[in-house]
Amino acid sequence: LVLAGCSSGDGSGDATPGARLPDDQQNLTYVLNYGCTSLDPTENFDNCRMQMSTNVFDTLVTLDSKSQPQPKLASSWTWTDPTTLQFKLRTGVTFSDGTPFTSADVKATFDRYIAMKSVLATQLAVVSSYTADDPTTFTIRTSAPTGTLLGVLSMIFIGQEGRASEDSYWAKPIGTGPFVISDFVANDHITLTRNDTYWGTKANLKTLTFKVVTDTNARITALANGGAQVVAGVTNDQIPTVREMSDVTFSQIPSYTYTFLWFQNNRAPFNDVRVRKALWQALDLEKIVTALLGETADTMTALCPSAAFGCVSPTNAPKHDPENAKKLLAEAGYPNGFSTTIDYSVANTGYDQIIAAMISDWKAIGVTVAPKSDDQATFLKNIASPGDFDMIVNSNLTTTGDADFTLNRLYPCSAKRLGYCNSELDALLAKARGTTDLEQRKPLYQQIANILAEDVPGIGLFENNINVAAKKTVQGLNLTPTENYDWSTVYLTK
Amino acid sequence: MLGYVIRRLVLAVFVLWGVATAVFVIVRLVPADPALLIAGSDASPEQLAALRQKLGLDESILVQYGKFLGGAATGDFGDSFQQRVPAMDLIVQVLPNTALLAVLACVLALVLSFPLGLLASLRVNGPVDRTVTTGSLFTQALPNFWIGVVLLLVFSRELKWLPSVGLDNWKNLILPTIVLALPFVSVLTRMIRNGLLEVMGEGYIQTARAKGLSERIVIFPHAIRNAAIPVVTIVGLQFGTLLGGAAVTETVFTFPGIGRLLVTSLQERDYNVAQACVLVIAAVFVFINLVVDLTYGFLDPRVRLAK
Amino acid sequence: MMTKTQPGSAPSAAPTDAPLLSVQDLTVEFSTAAGVARALHNVSFEVRAGETLAVLGESGCGKSTIAQSIMALLPKPAGSIVGGRILYGGRDLAAERVPAVRELCGTEIAMIFQDPLSSLNPVFRVGAQLAEPFRRRLGMGRREAWAKSLELLKRVGIPDAETRIRDYPHQFSGGQRQRIMIAMAIALGPKLLIADEPTTALDVTVQKQVLSLLADLQAETGMAMILISHDLGVVADVATRAAIMYAGRIVETGTVRDMYDHPAHPYTKGLLESIPSQTSIGGRLKPIVGSPPNLLDLPSGCAFNPRCPFAADLCREQVPVLRTPTTWPAGHEAACHVSEEVLTHG
Amino acid sequence: MAETESAPLLRVAHLKVAYPIRSSLLQRQIGANVAVSDVTFDINPGETVGLVGESGSGKSTVARAVIGLVKPDDGVIEFEGRNITGYSRKQLKSVRRDMQMVFQDPYASLNPRLTVRDLIAEGWRVHRDIVPRDQWTAEVKKLMDRVGLNPDYSDRYPHQFSGGQRQRIGIARALALRPKVIICDEPVSALDVSVQAQVLNLLDDLQEELGLAYLFISHDLSVVEHLCDRVLVLHHGHVVEQGNAREIFEHPQHEYTRALLAAVPVVRPWLERAHQGRHPTGEPPAQVGQK
Amino acid sequence: MTATAPAPAVNATMRRARRARRGVTVRIVVPLVVIGLIVVGAIVVPLLYQYDPLQADLLSRLKPPGTVTSAGGTAILGTDQIGSDLFAQIMAGARVSLLVGVATLVISGVIGVLLGLLAGHFGGWLDAALMRIADIQLAFPSILLAILVASVLGQGVGNIIIVLSISNWVVFARVARSQVLGLKNREYVEAARTLGAGNWHLMFRTLLPGCMAPVIVVATTQFAQVILTEASLSFLGVGVPLGTPSLGSTIYNGTQYLSTAWWISTLPGIVLVILMLAFGILGDALRDKFDPRLRSA
Ligand SMILES: Nc1ncnc2c1ncn2[C@@H]1O[C@H](COP(=O)(O)OP(=O)(O)OP(=O)(O)O)[C@@H](O)[C@H]1O
Ligand SMILES: Nc1ncnc2c1ncn2[C@@H]1O[C@H](COP(=O)(O)OP(=O)(O)OP(=O)(O)O)[C@@H](O)[C@H]1O
Ligand SMILES: [Mg+2]
Ligand SMILES: [Mg+2]
């Protein structure tokens, strides 16, 4: 299904799992490093909603580790023509409240997603119509051949017909998944209990608690004193501490999360590609990432993370070269550098250090950059279309695991996010999306990556790893690059 | 007495109206779009517009203000933007936790500071006094988040005696209570010390001594009762501060309290929840201080009868 | 309660031979930011049972300090007894530990203070404060002590005592508060009552009542009294003997009548002449020139010499001792080198 | 002594002052406490009028009303023929040059944070035309000399002086404005007898030299008897007796006046006989003073 | 007590007196000296070190006290998470903290005392209105203001001063008002009135000086409070921005390294404690000095 994790830590050895704990002790707490404000996956798709929805809902299909679609609520599907996709739905599935699952539920869910006009809805914009032909058949027609459609569908969580249009339903939803929500306090915790009527393999855990802990010390402490069994978001500086704990395994895999820098491409001096390139060449990202993030991140040159399909490294990426950077600046008419600002959100802990390091590098080529930290809400306002900033640093998630999701959303002229426009790129992006054959899409993305490296609308800074520390008693956890894990396979041993 | 309470309540309503208006204006002055926070930076303009309409943010400010005041009067602050449940429900979830914490911190502070203050005042300017006053200044000088983290590392991580996050049982209350009480102990200790010193110079203390009462009795009912009067006032004010100001401690210990709810609702621009939090905190504050003033009258007959 | 002396008007009560209280060479110092002030210097006097001794003098001359020394009420650590003895019932109170002296307070020696409002605890009912000596010192029960308090209140003439006993101090007038203070002081039947300016805060009509109350009580119980005052009239009303103080020393002592009629110290004479009288109406008063000395910076010799119209060289060099000047009757003493030369008796 | 032919300097007629009783919260007036009512008297230039009465009888209230610190509820106050009753603070400013006050408490009535020089010159800061600024120092020294203070001490603070000296500073401050009448609210009550005599003599001398008039308030009858030409006896806010000082002390008419006189402790009670003549009904004051 | 006893007793009294007297002076002088040293350090040290808070030296991160950095210098107090010299950073932080404290106290003190004077002097509806506003301010969580100002005006030292001033004026207003109410009926204020003094004269020449002693005492204690509040603003993400380190923000950033690099947060914490202790002791000593009842002791 997905990449197997949970044993890549060096000190872990091959643990011979102890005996399973009895069922009434199968209670696991997973500490999250991100907030949970709402559970509605149709509105937005932040980490928390996706994590929770993955375990409470089912989707029609899921993507495996090689981004290949696999059946879930849909037992099979066929492209009856290049723009028509027909699903056969699984029978005998019920929601956790006992209502049976039918194609009407799928249709109602589509209605909801489209009505919410969220980002996923824009991904669904190619869908021209959808019909519930009979209780077990669901058909989607698109306006053009779409290679990414199944990827998008892997993120559509199927809700209940009749109630799917109500906000209150999604605030504490009922799904067909292996777990049921029993308690939710925003930004504090979500408690899931096993769905004993689940159609598939029933979950091993009796209860699963997602606990929001934003303080780094408290997170590790919870792991140390038994307050939690699994902890996400171990920072680089905490890794030695975690490694020292004898009953804990530390695991890392690449994720779909990455951190990037944007220029405001239509604002001087960033409207000059030489300036943008100079700022890139000034950065010794290798050193910054190694020193500050260590194993928790890898440098990148593309604008989306290499774990995702199509996110290939450009062949022409500028190298760290302060001398050349100075030269480029002089050519662009800034022999003595200039002053500018860099904007970031205080919600992103750890950015302070990275930004200070980058500012130091830029100072070496004569560019003075003032840091400007904003409260998350203000930051969002600044980066929402049309962006109001000189430079920003932010992180993002290629949710679908496909380059199209990130690149086609942010960099076409129509996106108006960072004042960047290149019609050649637009054409390539459209072409890549229209291509269903993965092998044919790959070279297109190589071209796209090269154009982006040439134009430097932004800089890919680093790809974040998933850094999870878990007690050795936790078994069966498969880490995935999306950070949404299927907890139904997890169980606790003595 | 009843008339006094009624008049105080009238004033309290005025104060709460002021707080309500201020919070209403302030949350709306803060730039940022609540819709954007719900839907994320990638949301489409259509989605944002629809959200704003749903949240009632497309209405004129005056209409919003009218609705807010009208609702607030009946305890209905509208739904949380993010969670789509009544804002009041969220507060009801966390307020008792914070209240419990605040009460415990007050009790702990009083229990510690009375003997310390007394001891210091009895040995004024001596080594004990110096130790107590310097110690109290010392604990007050440490930022609470620092103490919080240190306690967390020592008692939770290293010694594994106490849990570090959440509120599952009484053990979760210990560390936050200590952190909240520490600066309070310092303030109270010094207040009690200074109050006692002041009172010990009063004529009635001389009278009590001249009656031949032992020093214990001179201090115990005579001095303490008089010195307690300003202490009660401070406890009232501090209790209010504890409610609203526990955000830092609650964050360190991931404690589900109203301080954290207020901070996150502000960060999320969840106007209704923020407004409700501020008003509830203000209401508790005003109420506590009313109670304090009544207690004050109870402790000091001159106040009650001179009303 | 002692009944040694026969009832009668206090000033004429015959003193028994052995003094009840004997203060000998009492010296008290206060340490202040500016230096050490000697508030009392070799002060000696005696009080006999049934007798009233007045201590007279201007503000700051050390009157209250005497009272505080006897009652072990000197503010700690600023003030301390550095010399002399306070003999009471064969014990030296100056050498006893504070708790030991406190044992005597209330039962043997009691005290009332100048300001009756600040001397009552504002937060307790007067009944409770009155009952305290009974409960804490005699171990009486609540009810019994309360009944005793009520009796006391009636005795000092608080009208409507049954209801007023539940009131708080601020609900009483100044005169009434002072009566309550007196009630509290006489509760345990002390043998000696020290009244530190008991009427200074009261106006004349009330003062009169309080003074006669004190006189009546004294007549009834035969207790001795030290009346501290700066009012020559009040002293004459109440006391038989008086000690005049100046800058921490007793400068003259004797019977009130003899002292007023034939002062043996220029200071006493000056005081008496400063008072407006029949003869001065419309004319000028004869004040003592200058002002009282600073205790931290006393003049050499007689402390009064800079203000004294008769000061001779000797007065500036040598501190005069208390003595009976020739032609003055025995028991009348003054600390002046030149009493005989400048003042006359008879 | 000036007699009634000439116009009085100060005329007070039917003065009534009530202090409002306010609710503690909304500051609404919920009642009034009548402190004095129907008080009528004159002060002629160069005359001393005494005001006696027990504590709380309204003596200070009369003084405060006359000098304009409280607004009368009824009655007329005329100064040199001008009705100053309804004067605003601004209008009163001119009157205050001619009418000054000396307070009871020499400790509380001097701003502890000002030097003697500043205290005395404070009035000139308010009334800028009296003494030009460059002569302040010299004038202050003159005044200090006048009231018997060492002019070298002009840079000292009040706490560095004794009670009698402080009261002299208070008098110098009042004199600085060159008033015609000084209201003395118990100026010697807080002083020891020896110092009291000095201050009384000073007041006497100043009156002779400068032709000042005094409204002299005291509860000490012997002082009033010594100093005053005419006396008003105040009881519960009413004037119960008024007239020539000697007359009243020798032949008190009102029962209250008699009680008051009888309560005064006599320095030499053994000379009681002499006093009997003055107090024909010298009985104990009964319970008059008690409320 | 025997006749020979007095001599040692005199000495004991004098000694105690001298010690007490010295006590008060020492308790005023020593804190002032300590504060002075920190102020001088805060001005001089960052200059000497040519300290740039944004200068990262990634090879010398998290080095313990006494380490030689990659640049060749010795970091006597170690380095922080980006390799800055901690000593220089602490001193620069003290500079920011002191600035915030002083500026806040001046602004809120001036406004608060002024309003307190107005309320106390004029009384009536003005007093009632101002005191209700004060109540509103007290009942209002200051974190809200902090977030407002941080979002509208951005993060910055100036904005923190604004926030803290707004939430601190009430203390001064209340102290000044209660003091004025006490002074108002003092005879010396009446005396000024009888001179014909106007409102301005009464408020600023007569009442204001009388308020200053308690205001100064309150100021010293508020100073500590302000610096600590600034630190918690850092904790909540609305404190001083990156590039202007305050003591509070340094301590906060260091808490994440408490278990691995204790010095980052502990050393500035110690400096903060020393500073607070100095102010606290100074405040208490001033209180003792201004309190006539304790003066003679
Ligand atoms: N606690 C103290 N510390 C320092 N000096 C003191 C203290 N108490 C009294 N003194 C000084 O001792 C001297 C005598 O004071 P005391 O109170 O006995 O005077 P008094 O005669 O009672 O005056 P009054 O008539 O004003 O009550 C005064 O000069 C006073 O300044
Ligand atoms: N500011 C005030 N508010 C209300 N009542 C007052 C005020 N000042 C005085 N009174 C009342 O007015 C009455 C007269 O007071 P006043 O001060 O004039 O008396 P007095 O004769 O000067 O007394 P004393 O001898 O004690 O100074 C008293 O009953 C007093 O309680
Ligand atoms: Mg005294
Ligand atoms: Mg008066």
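Here is a friendly set of questions and answers about a predicted model.

Biologist: Which residues form the positive surface patch with R128(D)?
Modeller: Start with R128(D) itself, which sits in the loop between α3 (116-126) and α4 (136-146) of chain D. The patch draws on chain D and also takes in a residue of chain E.

Biologist: Is R128(D) buried or exposed?
Modeller: Exposed means over 50% relative accessible area. R128(D) has a relative accessibility of 58%, so the residue counts as exposed.

Biologist: Where does Y411(A) lie, and is Y411(A) buried or exposed?
Modeller: Look at chain A, in the loop between α13 (403-410) and α14 (423-434), and you will find Y411(A) there. Buried means under 20% relative accessible area. Because the relative accessibility of Y411(A) is 0%, this residue counts as buried.

Biologist: What distance separates the C-alpha atoms of Y411(A) and D426(A)?
Modeller: Along the chain, these two residues are 15 residues apart.

Biologist: Which strands stand at the edges of the seven-stranded sheet in chain C?
Modeller: The sheet is open, its pairing is mixed, and its order is β6-β7-β8-β3-β9-β10-β11. Each edge strand has a single partner strand, so one side of it is left without a neighbour in the sheet. Those strands of chain C are β6 (109-112) and β11 (333-334).

Biologist: Which residue stands opposite M245(C)?
Modeller: Strands of a sheet pair through backbone hydrogen bonds, either parallel or antiparallel. In chain C, β9 (residues 241-246) and β10 (residues 249-255) pair in the antiparallel sense, over six bridges. The residue opposite M245(C) lies in β10(C) and is I250(C).

Biologist: Which residue in the turn between β4(D) and β5(D) has a positive phi?
Modeller: Strand β4 (residues 74-79) and strand β5 (residues 82-83) of chain D run antiparallel and are joined by two bridges. One pair of bridge partners is F79(D) and R82(D), the latter in β5(D). The two strands form a hairpin with two residues between them, and the one with a positive phi, of about 50°, is E80(D).

Biologist: How many helices and strands does chain E have?
Modeller: Reading from the N terminus, the elements run α-β-β-α-α-α-α-α-α-α-α-α. Counting them by type gives ten helices and two strands.

Biologist: What percentage of the residues in chain E is buried?
Modeller: Chain E has 297 residues. Of these, the buried ones make up 60%.

Definitions and conventions
Residues are numbered from 1 along each chain as its sequence is written. Chains are lettered from A and ligands numbered from 1 in the order in which they are written. This is a predicted model: local features need pLDDT of at least 70, side-chain atom pairs count only at pLDDT 80 or more; totals for chains, interfaces and linings use all residues. Side-chain values use heavy atoms; hydrogens and water are left out. Patches are made of residues with over 30% relative accessible area and no salt bridge: like charges are joined within 9 Å, nonpolar side chains (Val, Leu, Ile, Met, Phe, Trp, Tyr) within 5 Å. Accessible areas come from the Shrake-Rupley method with a 1.4 Å probe; for residues, only the protein chains shown count as cover. A salt bridge is a side-chain nitrogen of Lys or Arg within 4 Å of a carboxyl oxygen of Asp or Glu. Lys and Arg count as positive and Asp and Glu as negative; His and the chain ends are not counted. The place of a charge is taken as NZ of Lys, CZ of Arg, CG of Asp or CD of Glu. Helices (H or I, at least four residues) and strands (E, at least two) are DSSP runs, numbered from the N terminus. Buried means under 20% relative accessible area, exposed over 50%, partly exposed in between (1.4 Å probe, protein chains only). Two strands pair if DSSP finds at least two bridges between them.
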